[in-house]
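Q: I have a structure open and want to go through it piece by piece. Can you take my questions as they come?

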Amino acid sequence: MGNMSIAMSDMTNLRRSVVVDLIMVQVIAMSIGAFLLIIFEGYKMSSSQLAWSMGSLFVTFMLAGMVYRRLGD
């Protein structure tokens with residue numbers, strides 16, 4: 001039972017860098033996904049779908065920039 005409590009303590013006691021890394025992985029995955037979607041399916045999309053995809057790509061780049069700026073502080 002002692003090992004289980006140590007494991008739970010280790011999992012819940014996350015350092016800030018681990019959480020930031022997890023967020024960055026998600027943001028980078030979203031930006032790569034939006035970029036690949038535009039590259040390979042952009043010619044099939046309507047103008048509104050393409051605008052939403054471009055907007056999501058822009059937002060994910062902004063989020064990545066915000067996180068990297070906070071990492072630099």
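Q: Start with T60. What is T60 in contact with, leaving aside its neighbours within four places in sequence?
A: T60 is in contact with V27, M30 and S31, where contact means heavy atoms within 4.5 Å.

Q: Where does T60 lie, and is it buried or exposed?
A: T60 lies in helix α3. Its relative accessibility is 6%, so T60 counts as buried. The cut-offs are under 20% relative accessible area for buried, over 50% for exposed, and partly exposed in between, with a 1.4 Å probe and protein chains only. Helices (H or I, at least four residues) and strands (E, at least two) are DSSP runs, numbered from the N terminus.

Q: Before I go on, what sort of model is this?
A: This is a predicted model, in which local features need pLDDT of at least 70, side-chain atom pairs count only at pLDDT 80 or more, and totals for chains, interfaces and linings use all residues. Residues are numbered from 1 along each chain as its sequence is written, and side-chain values use heavy atoms, with hydrogens and water left out.

Q: What is the mean pLDDT of the chain, and which element has the lowest?
A: The chain has a mean pLDDT of 82, and 75% of its residues reach 70 or more; pLDDT is the predictor's confidence in each residue, from 0 to 100. Where pLDDT is low, the predicted coordinates should not be read in detail.

Q: How many helices and strands are there?
A: There are three helices and zero strands. Along the sequence the pattern reads α-α-α.

Q: Back to the contacts of T60. What about S31?
A: S31 lies in helix α2 and is in contact with L57, T60 and F61, leaving aside its neighbours within four places in sequence. S31 counts as buried because its relative accessibility is 10%.

Q: And which residues is V27 in contact with?
A: With the neighbours within four places in sequence left aside, V27 is in contact with T60, L63 and A64.

Q: Which residues make up the largest nonpolar core?
A: Five residues make it up: V20, M24, V27, A64 and V67. Helices α2 (16-41) and α3 (47-72) each supply at least two residues of this core, and the largest share, three residues, comes from α2. A nonpolar core here is a set of buried Ala, Val, Leu, Ile, Met, Phe, Trp, Tyr and Cys residues joined through side-chain atoms within 4.5 Å.

Q: What share of the chain is buried?
A: Of the 73 residues, 18% count as buried.

Q: How much accessible surface does the chain have?
A: It comes to about 6,000 Å², and 70% of that belongs to carbon and sulfur atoms. The areas come from the Shrake-Rupley method with a 1.4 Å probe; for residues, only the protein chains shown count as cover.

Q: Which residues make the nonpolar surface patch?
A: I28, I32, F35, L36, I39, F40, Y68 and L71 make a nonpolar patch of about 790 Å². Six of these residues come from α2, the largest share, and α2 and α3 each supply at least two. Patches are made of residues with over 30% relative accessible area and no salt bridge; like charges are joined within 9 Å, and nonpolar side chains (Val, Leu, Ile, Met, Phe, Trp, Tyr) within 5 Å.

Q: What does Y68 touch?
A: Y68, which lies in helix α3, touches M24 and I28, not counting residues up to four places away in sequence. Y68 and M24 are 44 residues apart in sequence and 8.7 Å apart in space, C-alpha to C-alpha.

How values were computed:
Salt bridge = Lys/Arg side-chain N within 4 Å of Asp/Glu carboxyl O.
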